[in-house]
Amino acid sequence: MNTFALEIWDDEAKKCTFYTVRWEGALQNETDKFFNKYDAIAEFKKPVQRLLSFVLDSIGDDHGAVDLLFNGFENEVVGLPNKGKVNVSGIIFLYPNFPLRLYALRVNHRPDLVILFNGGAKTSRTNQGSRDLNLKWIEACQFARRIEEALRDNEIIVDHKKRKIFSFSGSDEIVL
Amino acid sequence: MRSKVAQRIQEETPEEVRIFVRQYTDIVLRINQILQAKGYTQKDLAEKMNKNPSEINKWLRGNHNLTLKTLAKLEAELGEPIITIPTQRPRRSARRA
């Protein structure tokens, strides 16, 4: 897997800090790519606004990343032997037939620290049937595995009071 | 800091959309919390309300556009308020001279 940076996407919400990932050399992080892409498509403009409000207002400001908002669509991915398991969730806005999925990892299952990845449009009943979405899900799982590995090995450390992640040397520039 | 992309989309988002999302999420969470507190399963609730469990699942997973009628049925069955209306009078706006 190529290297990527872990960077803050939003730390202004009252109950949760959101991180994102950026491929080395990429101009945009994965979450901005997702929102930019679908915001530019007329049929997705309103769903994008709802999803963003769900992330920043409902999760970020009102409730935090609580189970009920996160477990609606969870896929468990078994990592390589002895690497354990990662749970990558899909953030879905709670509304009938919502067309977009955004993937996320709750750091250590905490309600106040979430890493957002990319996502896509759900064009069939299953993820596997939505080709683009399936690729983003696989990618999100790869990011998640690497991040969980870094947490286990103390390459990165969670500062619980500040709701922030630092490298082992205390830097907020994190490359994995 | 907040992502500039997020800031831009948030600025373009009509206030009513944000109000809807927040209230809808609050309601779905509230229903689920009452169920948990009372130790009801979806199956229990379905039986009490003479409904199909799949219909109750839609309500509780947020996969349903909740109507006031549905909310009233749920409040009656669960015995707890789900939505409350502010009791204070609305502020008067200043009259133009």
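The model is a predicted one. Because B:Arg8 and B:Glu12 stand 4 residues apart in that helix, about one helical turn separates them. B:Arg8 also pairs across the chain boundary, forming a salt bridge with A:Asp39.

**Salt bridges around B:Arg8**

- The closest N and O atoms of A:Asp39 and B:Arg8 are 2.9 Å apart.
- This pair runs between chains, from helix H1 of chain A, where A:Asp39 sits, to helix H1 of chain B, which holds B:Arg8.
- A:Asp39 counts as buried because its relative accessible area is 6%, under the 20% limit for that class.
- B:Arg8 is partly exposed, at a relative accessible area of 30%.
- B:Glu12 is likewise partly exposed, and its relative accessible area is 38%.
- Side chains of opposite charge can pair when their charged atoms come close.

**Other salt bridges**

- Over all chains, a search of the whole structure finds 17 salt bridges.
- Between chain B and chain A, the count is 7 salt bridges.
- One salt bridge joins A:Asp57 to B:Arg22, with 3.7 Å between the closest N and O atoms.
- A:Asp57 and B:Arg22 also belong to a network of salt bridges that links them with A:Asp61, A:Asp62 and B:Arg18.
- Within chain A, the side chains of A:Arg110 and A:Asp112 form a salt bridge at 2.8 Å, N to O.
- Both A:Arg110 and A:Asp112 are buried.

**The contact between chain A and chain B**

- Chain B contributes 29 residues to the contact, and chain A contributes 35 residues.
- About 2,700 Å² of area is buried between the two chains, and carbon and sulfur atoms give 56% of it.
- B:Met1, B:Arg2 and B:Arg22 supply 22% of the area that chain B buries against chain A, more than any other three residues.
- The two chains have 12 residue pairs in polar contact, counting pairs with both residues at pLDDT 80 or more.
- On the side of chain B that touches chain A, H1 and H2 of chain B are the elements that give two or more residues.
- H2(B) provides the largest share of that side, 13 residues.
- By class, the side of chain B that touches chain A comprises 11 nonpolar, 11 polar and 7 charged residues.

**B:Gln10, a buried residue of chain B**

- B:Gln10 lies in helix H1 of chain B.
- B:Gln10 is classed as buried because its relative accessible area is 12%, below the cut-off of 20%.
- Not counting residues up to four places away in sequence, B:Gln10 touches A:Leu52, A:Leu56 and A:Asp57 from chain A, as well as B:Arg2 and B:Arg18 from chain B.
- With B:Arg2, the contact is polar: the side chains of B:Gln10 and B:Arg2 meet at 3.0 Å.

**A:Asp10, a buried residue of chain A**

- A:Asp10 belongs to strand S1 of chain A, which covers residues 4-10.
- A:Asp10 is buried, with a relative accessible area of 0%.
- The side chain of A:Asp10 reaches two backbone nitrogens, that of A:Glu12 at 3.2 Å and that of A:Ala13 at 3.1 Å.
- Leaving aside neighbours within four places in sequence, A:Asp10 is in contact with A:Cys16, A:Thr17, A:Phe18 and A:Leu56, and with B:Met1 and B:Arg2 of the other chain.

**Nonpolar cores**

- The largest nonpolar core has 31 residues, and those with the most contacts inside it are A:Trp9, A:Phe18, A:Phe35, A:Leu100, A:Val114 and A:Leu116.
- Elements of both chains each supply at least two residues of this core: helices H1, H2 and H3 and strands S5 and S6 of chain A, together with helices H1 and H2 of chain B.
- H2(A) gives the most to this core, 7 residues.
- Apart from this core lies another, of 26 residues, including A:Phe4, A:Phe117, A:Cys141 and A:Ile147.

Notes. Residues numbered from 1 in each chain as written. Chains lettered and ligands numbered in written order. Predicted model: local features only at pLDDT ≥ 70, side-chain atom pairs only at ≥ 80, totals over all residues. Heavy atoms only, no water. Core = buried A, V, L, I, M, F, W, Y, C linked by side-chain atoms within 4.5 Å. Buried < 20%, exposed > 50% of the residue type's maximum accessible area, 1.4 Å probe, protein only. Polar contact = N/O pair within 3.5 Å; in protein donor to acceptor, adjacent residues only side chain to side chain. Contact = heavy atoms within 4.5 Å. Buried area = accessible area lost by both parts, 1.4 Å probe. Salt bridge = Lys/Arg side-chain N within 4 Å of Asp/Glu carboxyl O. Nonpolar A, V, L, I, M, F, W, Y, C, P; charged D, E, K, R; others polar.
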